[in-house]
Amino acid sequence: MEKQPKVLVTGSGGQIGTELVRALRSMHGTENVLSTDLIPRDRDEGAEGPFAQLDVTDTESFVALLEEHKINHVYHLAALLSSKGEKNIDLTWNINFEAHRKLLAACYSHNVDRVFFPSTIGVYGPTTPRQMTPQFTSFQPSTVYGITKITGELWNQYYKSRYGLDVRSLRYPGVISYEVIPEGGTTDFSVEMFFELKRKGHYVCYLKKDTRLPMIYMPDVIKATLGLMQAEVHQLSTSMGYNLSGFSLTPAELFEELQRYYPEATISYEPDARQQIADSWSETIDDRTASDDWGWQPDYNMQGMVKDMVKHVV
Ligand SMILES: NC(=O)c1ccc[n+]([C@@H]2O[C@H](COP(=O)([O-])OP(=O)(O)OC[C@H]3O[C@@H](n4cnc5c(N)ncnc54)[C@H](O)[C@@H]3O)[C@@H](O)[C@H]2O)c1
């Protein structure tokens with residue numbers, strides 16, 4: 001039988017970690033996947049497996065876990081997201097970049113075979129082409145979140161080229177899912193709308209109706225993440241984040257699709273500070289490098305995502 005890697009996931013209690021840990025446990029075995037988060041266990045849905053409380057800014061504790069569990073693969077998800085990040089820029093830099101920099105050094109010195117780092121469409125900015133944003137393009141992000149993530153990508157590239165550390169990364173677009181309601185991001189409306197329409201019949205959207213943003217449904221996030229981490233190293237042409245997309249939508253288009261399920265529902269628009277962030281991001285993404293290198297293809301378009309989401313939203 002193939003030897004399973006020992007896996008550590010940081011920030012595992014969040015929107016993505018909750019579902020990624022479950023997928024990793026079903027692939028590698030529950031006991032082989034250590035979930036960790038700043039917040040104690042009750043937010044970790046895969047609660048039957050091993051868990052350790054870990055603040056990623058505490059490198060000593062991270063190293064102790066690498067040693068104790070003989071970790072081979074690290075999925076470093078812990079971060080403050082775009083909207084929350086603007087409210088505390090120093091903390092965001094410390095968690096999203098400084099902790100990442102030290103984590104890479106620790107992974108290298110402890111012979112970790114493979115590291116996953118989630119990047120974001122937040123690395124783009126006003127100088128980036130907004131339609132079919134190319135893989136290699138201009139990066140002048142306007143948020144501290146974007147700055148930490150593009151710097152993180154560059155740091156990954158440096159560790160790969162200088163030390164040979166196998167670091168892999170995806171630029172996730174807005175992630176739509178139903179298990180953990182996201183908070184602190186700019187694309188949260190795409191999940192909130194489902195819950196508010198179902199529960200209250202009305203949604204107050206914090207973005208303008210025609211704000212187009214690239215999105216992805218959680219099963220495709222898991223598929224892409226595992227697909228990239230399972231690819232052979234020679235298939236990969238970049239250690240920067242791969243562009244990734246499922247589909248693009250505006251709040252009005254999502255609402256129109258949802259009216260098929262909730263015909264009485266209503267929506268109003270009250271743009272707030274997140275509008276400015278959204279306006280600096282891409283509308284559509286060219287993710288052909290990911291398709292060409294390791295065969296990325298999403299399974300869900302907007303209609304397929306909505307059809308599946310409404311079955312699960314309560
Ligand atoms: N959700 C999205 O739409 C999206 C899009 C692009 C990129 N990403 C990236 O994916 C990753 C996971 O995102 P998510 O949506 O699950 O975020 P989330 O906010 O739902 O979860 C983040 C988790 O990190 C934990 N955390 C915060 N500070 C920590 C610290 N100091 N030490 C340890 N844990 C800490 C939080 O408790 C939380 O459980 C992040 O790196 C994010 O930048 C997410």
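Apart from neighbours within four places in sequence, Tyr 159 is in contact (heavy atoms within 4.5 Å) with Leu 104, Ala 105, Tyr 108, Gly 164 and Leu 165. The model is predicted: local features need pLDDT of at least 70, side-chain atom pairs count only at pLDDT 80 or more, and totals for chains, interfaces and linings use all residues. Residues are numbered from 1 along each chain as its sequence is written, and side-chain values use heavy atoms, with hydrogens and water left out.

Tyr 159 belongs to helix 5 (residues 144–163), where helices are DSSP runs of H or I with at least four residues and strands are runs of E with at least two, numbered from the N terminus. With a relative accessible area of 9%, Tyr 159 is buried, that is, under 20% with a 1.4 Å probe and protein chains only. Ser 268 lies 109 residues from Tyr 159 in sequence and 47 Å from it in space, C-alpha to C-alpha.

Among the 42 lining residues, Gly 14, Leu 77, Ala 79, Leu 80 and Leu 81 are the closest to its centre. A pocket is an open set of points on a 1 Å grid over the protein atoms alone, where a 1.4 Å probe fits, with protein on both sides within 12 Å along at least five of seven lines; lining residues have an atom within 4 Å of a point.

Methods. Buried means under 20% relative accessible area, exposed over 50%, partly exposed in between (1.4 Å probe, protein chains only).
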